[in-house]
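Subject: Structure handover

Hello,

Here is the structure for your files. My notes on two parts of it follow below.

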Amino acid sequence: MSDQFNLHHQTRLPSDPKFLFDRVECYYRERLDETWKGRHPMKGMIPGSSAIKLRSNDYLCVAADRRVIEAEVRALQASGHGDSVSRTFVHHEADGLNAFEQRVARLMGSEAAVLANSGYCANVGLIQAICRPDTPVFLDMKAHLSLWEGVKSAGAKPTPFRHNDAEHLDRLIGKVGPGVIVVDALYSIDGNIAALEDFVEVAERRGCALVVDETHSFGTHGPDGAGLVAALGLNHRVHFRTVGLSKAVSSRGGLVVCSQRNAEFLRYESLPVIFSTQVLAHEVAGYNAALDIFANEPLRQRLLHSNHRYLTNGLDELGYNVDLSRSQIIALEAGEILETIKLRDALEKRDVFGAIFLPPATPAKRCIIRFTVNCGLTKDELDRVLAVCAEIRDEVGLASWPSTRRRGRQARVASAVNFTFDSRPLVAPSSNVKFETALESIRC
């Protein structure tokens with residue numbers, strides 16, 4: 001009797017008030033039933049042991065690297081999680097987090113960096129802190145949602161400009177007045193690279209501050225993984241760079257890289273920094289181990305970009321529109337949600353797993369399956385992906401996709417943004433034991 005009573009009380013829940021019930025009901029009725037026709041797009045097949053997974057952001061294959069794991073274990077054994085406090089109380093203290101901020105600042109050619117709990121927190125906190133309600137904020141239409149949320153948090157009004165269109169941005173600033181320009185260095189939906197030199201020129205001429213999100217280019221681009229701004233020698237001309245450490249670093253956390261003056265301001269004005277417990281000591285040990293790998297094993301970057309070129313060239317030959325992809329992210333744009341689910345299912349039935357992207361990540365009629373390439377993929381695996389993509393073309397109606405009809409036109413626009421990767425051949429003689437061992441360690 002007592003057990004039944006306890007179970008009954010454990011499972012009793014309050015009735016939702018009408019406004020809450022109606023808000024949640026919109027999800028089930030409008031999204032699940034009407035838009036998705038009862039099929040939840042995020043609940044596909046579960047990949048088996050033979051699956052090729054092209055949905056991870058672990059671009060340089062460090063997530064399972066023993067050096068990263070051992071560094072985190074040593075830190076846990078030495079001091080547990082560290083101080084479980086808001087970083088606000090200990091910004092002034094010399095500790096592992098402070099040392100890591102200084103290391104990243106040196107790597108990226110800046111004066112200072114501020115750690116946050118995630119790239120999302122870094123972006124929201126930065127925009128919230130530097131903008132007032134009357135500050136114009138000019139965002140590339142494809143800028144990460146966290147940057148738009150920062151504008152909302154600041155109470156400011158966003159002014160979107162056409163993707164990668166510096167001329168359109170310049171005209172808008174002329175009408176609205178100077179403010180903050182916000183772009184991604186490498187766009188997470190289609191792998192396109194920002195026209196950074198053009199945006200720097202507009203920012204300087206118009207008296208604007210420039211924010212560049214380097215989340216998807218940190219580690220994968222630039223000397224020792226310092227990112228695209230550093231690769232282009234623009235360190236001294238960009239006011240703020242943000243980094244999510246969940247991509248190439250394959251962990252949790254975020255950064256804002258900027259001048260010492262602005263960093264000191266952010267430490268005590270960015271709400272996500274103030275009102276979150278700091279990242280943990282063992283996480284920082286993992287960050288440092290990952291940065292060591294970036295610095296000592298540039299082969300990983302070269303393999304990543306080589307694999308990307310191989311896969312995009314193959315998909316282009318098969319008729320897929322991958323015009324915008326300039327780096328490790330590749331979008332297969334099927335269009336409507338149901339057509340994209342059909343593409344996802346066709347791929348997964350054949351053991352190829354990408355990531356489905358739909359509203360609010362994309363416009364309703366430009367949903368995609370995103371492939372993310374990593375440096376550990378073998379040629380055989382890439383060939384399997386291409387064989388599957390060749391096999392399903394008629395099944396998924398590739399010829400009728402709107403993106404297929406746009407193919408070629410996008411390439412002419414994207415070609416205006418050029419970034420030269422190291423294109424030296426990666427094939428080495430079989431007798432080169434060191435080279436073969438390096439490849440094997442990455443692919444494990």
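Angles under 35 degrees count here as roughly parallel, over 145 as roughly antiparallel, 65 to 115 as roughly perpendicular and the rest as oblique. The model is predicted: local features need pLDDT of at least 70 and side-chain atom pairs count only at pLDDT 80 or more, while totals for chains, interfaces and linings use all residues. Residues are numbered from 1 along each chain as its sequence is written, and side-chain values use heavy atoms, with hydrogens and water left out.

The helix pair

The axes (lines fitted to C-alpha atoms, for helices over the stretch in contact, with angles from 0 to 180 degrees between N-to-C directions) of helix 3 (residues 66-79) and helix 12 (residues 281-296) come within 8 Å and cross at roughly 150°. Helix 3 and helix 12 are therefore roughly antiparallel to each other. Helices (H or I, at least four residues) and strands (E, at least two) are DSSP runs, numbered from the N terminus.

In contact (heavy atoms within 4.5 Å), residues of helix 3 including Val68, Ala71 and Leu76 meet residues of helix 12, among them Ala285, Ala289 and Ile293.

Three bridges join strand 11 to strand 12 (residues 367-372), and Ala355 is opposite Arg370 in strand 12.

Regards

How values were computed: Pairing = 2+ DSSP bridges.
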